[in-house]
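User: I'd like to go through some of the labels for this model and see what backs each one. Can you take me through them?

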Amino acid sequence: QRIYLSGGCALIPGLQEFLAGQWGIEVIRANPFKRVDVGTGTDASMVEKLAPLASVATGLAMRYPDDRK
């Protein structure tokens, strides 16, 4: 139904459009901060641009002790 790009490849110019054209489905950049308040002193456009790079780190930060039991 859709492809989520994350990591450094998500920042490659034109990749999103290329994949959408090749596969014929929606391609969007992953944004782990979509529902996270990053504060008022933060440059929101920079956070949005770099968000795909933080997907794994954000997921790990959301874990809690003993969550694998």
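Predicted model: local features only at pLDDT ≥ 70, side-chain atom pairs only at ≥ 80, totals over all residues.

User: What makes L15 part of a nonpolar core?

Analyst: L15 belongs to the largest nonpolar core, a group of five residues that also takes in L5, A10, L19 and V27. To join such a core, a residue has to be buried and linked through side-chain atoms within 4.5 Å.

User: How do you know that T58 is buried or exposed?

Analyst: The relative accessible area of T58 is 11%. Buried means under 20%, so T58 is called buried. T58 sits in helix α3, residues 55-61, and leaving out neighbours within four places in sequence, T58 is in contact with P32 and F33.

User: Why is M46 called partly exposed?

Analyst: M46 comes in at 41% relative accessibility. The class runs between 20% and 50%, so M46 counts as partly exposed. M46 is located in helix α2.

User: Where is confidence lowest, and where is it highest?

Analyst: Helix α2 (residues 44-50) is lowest with a mean pLDDT of 85, while helix α1 (residues 15-23) is highest at 96. The chain averages 89, and 100% of the residues score at least 70.

Note on methods. Residues numbered from 1 in each chain as written. Heavy atoms only, no water. pLDDT = per-residue confidence, 0-100. Helix = DSSP H or I, 4+ residues; strand = E, 2+ residues; numbered from the N terminus. Buried < 20%, exposed > 50% of the residue type's maximum accessible area, 1.4 Å probe, protein only. Contact = heavy atoms within 4.5 Å.
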